[in-house]
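Colleague: Before we discuss the assignments, please show me the model. I shall then ask what stands behind the terms.

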Amino acid sequence: MSAPAQVAERGTPRRGGGYAKPRKAGGGNFELISWFFMRLSGLLLIFLALYHLVWWNLIVGVAHLDSQVVIERWNNPFWRLFNVALVTFAMLHGLNGARYSIEDYVRRPGRQVAVKAVVYTLVLGSLLVAVFALLTFDPAVLVNR
Amino acid sequence: MIHTHTYDALVVGGGGAGLMSAIYLSREPGLRTAVISKLYPTRSHTGAAQGGVCAALGNLEEDHPEWHMFDTVKGSDYLGDQDSIEVMCNEAVDVIIELEHMGLPFSRTEDGKIAQRPFGGHTHHFGQGPVRRSCYAADRTGHMILQTLYQNCIKNGVDFYDEFQVVDLLLSPDGRCCGVVAWHIDTGDLHVFHAKAVNFTTGGFGRIWSITSNAHANTGDGVAIALRRGIPLEDMEFYQFHPTGIYKLGILITEGVRGEGGVLRNDHGERFMERYAPTMKDLASRDVVARAISREIREGRGINGKKYVYLDATHLGADVIENKLPDIADFCRTYLGVDPVREPMPIQPTAHYAMGGIPTDIDCRVVTGPDNTVIPGFYAAGEVACVSVHGANRLGTNSLLDLVVFGRRSGLDMARFCKTADLPPLPENPTERIEATFARLLATEKGEPAAKLREEMQDVMQDHVGIFREGPGMEIALAKVRELQERYRSVLVLDKGKRFNTDLLEAWELGNLLDLAEVTTVSAINRTESRGAHMREDYETRDDVNWLKHTLVTRSDEGALDITYKPVTITRFQPKERVY
Amino acid sequence: MKTVTLTILRFNPETDREAAYREYRVDVEPTDRVLDALSKVKWYQDGTLTFRRSCAHGVCGSDAMRINGVNRLACKVLMRDVGDRVTIEPLMGFRVIKDMVVDMEPFFAQYRSVLPFMINDSRPPQRERLQSIADRERFDDTTKCILCAACTTSCPSFWANEEFVGPAAIVNAHRFIFDSRDEAAGARLDILNDREGVWRCRTIFNCTEACPREIRITKAIGEVKKAILYGSTAP
């Protein structure tokens with residue numbers, strides 16, 4: 001294992017005094033944004049999950065959760081949007097965490113792309129289905145059955 | 001396998017003096033410079049210096065370079081060369097400001113200037129009382145200097161050969177210096193570095209004593225190589241024992257503790273320095289304090305009758321200790337389990353600094369003989385050198401100052417020299433000598449380990465060539481050192497490999513230490529007076545009539561040590577009795 | 001004086017194909033450093049045992065190694081604190097040259113990559129540049145670094161990916177980013193705003209735990225991340 005060349009050359013020194021200013025690191029701000037997203041989504045998820053838990057399981061109570069309640073809350077646009085937020089933040093937060101792990105531990109470039117493709121497809125696919133269901137499902141179907 | 005490199009200038013050693021020299025060389029466009037260091041440069045022992053670096057900035061009270069000069073001359077017990085001392089004290093201000101501009105993170109005063117504190121032997125109005133002159137960065141000033149200089153070397157694109165042990169100095173047939181031979185520790189290969197100028201900045205040799213503040217790496221390689229190449233060594237009898245080393249370990253406890261107000265106490269709780277130095281008390285110069293501590297211990301007033309006294313900083317408060325002396329607090333807690341905020345620190349004097357070394361002029365050019373004949377292209381700066389700014393006793397903080405001032409001067413003069421000089425021819429078979437040495441060390445199949453010989457040397461030097469010296473004791477030490485040199489011929493190196501052979505390295509280093517122990521002892525026996533750090537119980541007073549002169553010791557071709565002298569340069573301050 | 005057992009992971013590049021543990025029994029005082037125990041083995045039992053050391057009191061950074069599984073300086077750990085059986089291994093993540101000696105070049109290359117030096121191209125004043133005590137305090141912690149590599153080699157992100165610039169380099173960038181006298185914070189933040197820069201840090205805190213100088217490394221990395229986010233080093 002030797003020095004990664006691109007790292008060693010970033011602040012290339014010059015003979016005879018002085019130094020070369022480094023070239024701008026590539027890659028834009030994606031990592032910065034994803035780090036900030038992790039912070040933000042992590043914080044939001046705590047409140048979203050807590051609200052979900054406290055309201056439905058403690059205040060409304062598990063014993064009272066029947067199909068009627070489900071239908072009612074599905075008819076409430078706030079509940080739909082709340083759950084869209086919950087599932088989106090949870091899935092993306094988890095996906096980014098999985099990306100970190102893949103990039104840390106799946107080192108061969110080809111294999112990394114493949115693993116990422118599978119994980120991204122699964123997670124984003126599930127997310128798409130979930131959001132689609134939340135927004136388009138008609139609870140009347142349950143009543144009419 | 002032997003590799004050859006060609007440069008204009010070589011710096012051997014990556015401590016304060018070497019890096020400062022390299023920075024100045026690297027500012028010269030077109031000049032090819034390399035630093036060769038046995039350690040990664042940031043491991044150098046400059047980094048262990050704690051208390052500060054003096055310059056008469058006058059940031060907190062009135063101060064002048066000539067007061068600093070007087071203190072240094074007096075501290076040297078009038079053996080320091082006053083032309084060099086004047087240069088050092090005058091350039092101190094500029095160099096410290098320059099270090100600040102290079103990024104050195106000094107501690108700051110309320111108005112944002114470099115903070116300063118009192119230090120041993122530094123006074124105002126030519127000895128009237130302590131002055132705040134030591135510029136510091138908490139208690140890690142040496143660390144900050146080393147890091148800042150290394151950072152600036154990186155900035156300037158200096159070439160480094162790290163973990164290359166320089167093992168020989170090359171002189172061309174016409175007597176000019178033309179390079180060095182270095183041993184790449186990792187591969188075991190020899191490298192010949194061919195150059196117009198070589199600067200030895202290899203540091204000291206505290207490892208010839210058993211209680212020392214010096215690193216394992218401080219084995220006096222540069223001094224010993226010079227001796228072997230027929231260059232004289234100056235004032236080797238003057239070796240400083242720092243008053244406050246951690247009991248048994250020798251780890252340095254900065255004088256800054258006393259600068260901040262810490263005091264020494266004996267078994268009776270008495271602040272005994274009041275008896276020895278009524279004006280400066282605990283801030284008298286180091287030789288005075290170290291002798292006082294040793295005397296207290298010898299007269300049975302060590303703590304519980306043992307070989308240590310207390311350095312008491314408990315009255316300074318947690319704030320001062322945590323903010324201004326954090327590292328020494330950490331050392332005490334780690335190694336002694338003592339919290340200096342609440343308990344006094346057990347200390348004893350520790351072998352610390354070589355005043356003597358390779359003789360140079362004020363431009364760091366190595367000179368030989370009483371008439372100061374220059375060896376063209378050979379330079380030395382820092383502890384390895386004897387320019388002589390420290391004379392018979394160095395003042396605290398003047399070592400870091402010596403490094404940066406004379407590091408700079410050596411770099412500037414080498415750059416000047418390299419512009420006009422041509423590349424001298426290499427001698428034939430430049431690696432012959434060291435190859436023979438290594439072959440001999442590796443060939444031994446039965447013998448004693450280097451560590452055993454080293455310990456015996458350290459013990460005898462500690463007992464007889466330490467703070468208090470007398471003729472018969474030193475004769476015992478000299479006989480022992482010569483016996484050890486004999487036994488060293490069959491020292492056993494167990495590791496016969498080429499790669500990272502530190503067993504061979506330690507054996508080679510021991511050869512250096514033994515040579516320097518011999519020279520130190522011979523010089524000390526020869527000087528029949530007491531001056532500065534050289535305290536003879538059989539000659540208790542200073543003798544300016546016979547001994548106001550520098551000792552030069554040369555190894556003759558037959559192996560004997562020849563002693564000659566050269567005069568002390570006295571310009572402004574005539575020798576006076578020295579009282580603190 | 002008591003006898004302890006040192007289990008040392010040995011590797012000699014000239015004779016061994018892979019590293020193997022060897023046991024040594026050595027007499028030590030409780031107040032001896034682990035370095036003293038290693039030295040006794042080297043000096044009196046097996047001269048081929050190889051490790052770096054110099055100052056022996058925790059300021060030069062030569063002797064970082066794994067002692068009972070954690071990164072420590074051998075000269076800053078006392079025998080009384082490690083028990084009667086001590087396992088000693090080289091730092092993880094760098095190529096082992098011999099025994100405890102690892103190849104430090106990649107480490108120093110990463111250090112050099114973050115512009116670890118003062119950059120201020122404006123004309124310096126005649127005297128020192130002024131700096132308030134508060135401004136000096138902001139980067140005090142990170143000036144303590146001795147480049148021993150204990151932090152970087154304790155970092156799982158670095159173990160996983162040696163292209164990660166590592167905590168030590170970030171610490172040394174922090175030292176200048178937050179120095180009021182320096183003018184190149186932006187350039188360093190650009191360098192560290194990279195997948196292999198601060199964003200590879202997963203806030204695991206191993207570095208902080210490993211640092212023999214007690215630098216709060218994870219906090220320093222956090223400050224650099226925030227400076228990138230806000231585009232400013234203002235407190």
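Modeller: In this predicted model, B:Leu170 stands opposite B:Gly179 in S9(B).

Colleague: Which strand does S9(B) join through 5 bridges?

Modeller: That strand is S10(B), and the two run antiparallel. B:Val181 stands opposite B:Val192 in S10(B). The hairpin of S9(B) and S10(B) has 5 residues between the strands, with B:Gly188 at a positive phi near 80°.

Colleague: Why is S9(B) called largely enclosed by the rest of the structure?

Modeller: A residue is buried when its relative accessible area is under 20%. In S9(B), 8 of the 8 residues are buried, and the strand is therefore described as largely enclosed.

Colleague: How do you know that B:Asp186 and B:Arg499 form a salt bridge?

Modeller: The cut-off is a side-chain nitrogen of Lys or Arg within 4 Å of a carboxyl oxygen of Asp or Glu. The closest N and O atoms of B:Asp186 and B:Arg499 are 2.9 Å apart, so the pair qualifies. The two residues are 313 residues apart: B:Asp186 is in the loop between strand S9 (177-184) and strand S10 (190-194) of chain B, while B:Arg499 is in the loop between strand S23 (491-492) and helix H15 (502-526) of chain B.

Colleague: Why is B:Asp186 called buried, and why is B:Arg499 called partly exposed?

Modeller: B:Asp186 has a relative accessible area of 15%, which is under 20%, so the term is buried. B:Arg499 has 22%, which is between the limits of 20% and 50%, so the term is partly exposed.

Colleague: What ties helix H11 (residues 398-420) of chain B to helix H3 (residues 82-102) of chain B?

Modeller: A salt bridge between the side chains of B:Arg408 and B:Glu98 does, at 3.4 Å from N to O. B:Arg408 lies in H11(B) and B:Glu98 in H3(B), so the pair ties together parts that are 310 residues apart in sequence. Both B:Arg408 and B:Glu98 are buried.

Colleague: Why are H9(B) and H10(B) called roughly perpendicular?

Modeller: Helix H9 (residues 317-324) and helix H10 (residues 326-336) of chain B pack at an angle of about 100°, with axes 5 Å apart. Angles of 65 to 115 degrees count as roughly perpendicular, and the term therefore applies to H9(B) and H10(B). The contact involves B:Ile321, B:Glu322, B:Asn323 and B:Lys324 of H9(B) with B:Pro326, B:Ala329 and B:Arg333 of H10(B). By class, these are 3 nonpolar, 1 polar and 3 charged residues.

Colleague: What makes S13 and S14 of chain B edge strands?

Modeller: The open sheet has 4 strands in the order S13-S16-S15-S14 (chain B), with antiparallel pairing. Strand S13 (239-246) and strand S14 (263-265) each pair on one side only. Neighbouring strands are turned by 45° against each other on average, direction ignored. S13(B) pairs with strand S16 (residues 345-354) of chain B over 6 bridges, and the partner of B:Gly245 in S16(B) is B:Gln348.

Colleague: How do you know that helix H2 (residues 105-112) of chain C is mostly covered?

Modeller: In H2(C), 6 of the 8 residues are buried, among them C:Phe107, C:Phe108 and C:Tyr111. In chain C, buried residues make up 66% of the 235 residues.

Conventions:
Residues numbered from 1 in each chain as written. Chains lettered and ligands numbered in written order. Predicted model: local features only at pLDDT ≥ 70, side-chain atom pairs only at ≥ 80, totals over all residues. Heavy atoms only, no water. Axes fitted to C-alpha atoms, helices over the stretch in contact; angles between N-to-C directions. Parallel < 35°, antiparallel > 145°, perpendicular 65-115°, else oblique. Contact = heavy atoms within 4.5 Å. Nonpolar A, V, L, I, M, F, W, Y, C, P; charged D, E, K, R; others polar. Pairing = 2+ DSSP bridges. Buried < 20%, exposed > 50% of the residue type's maximum accessible area, 1.4 Å probe, protein only.
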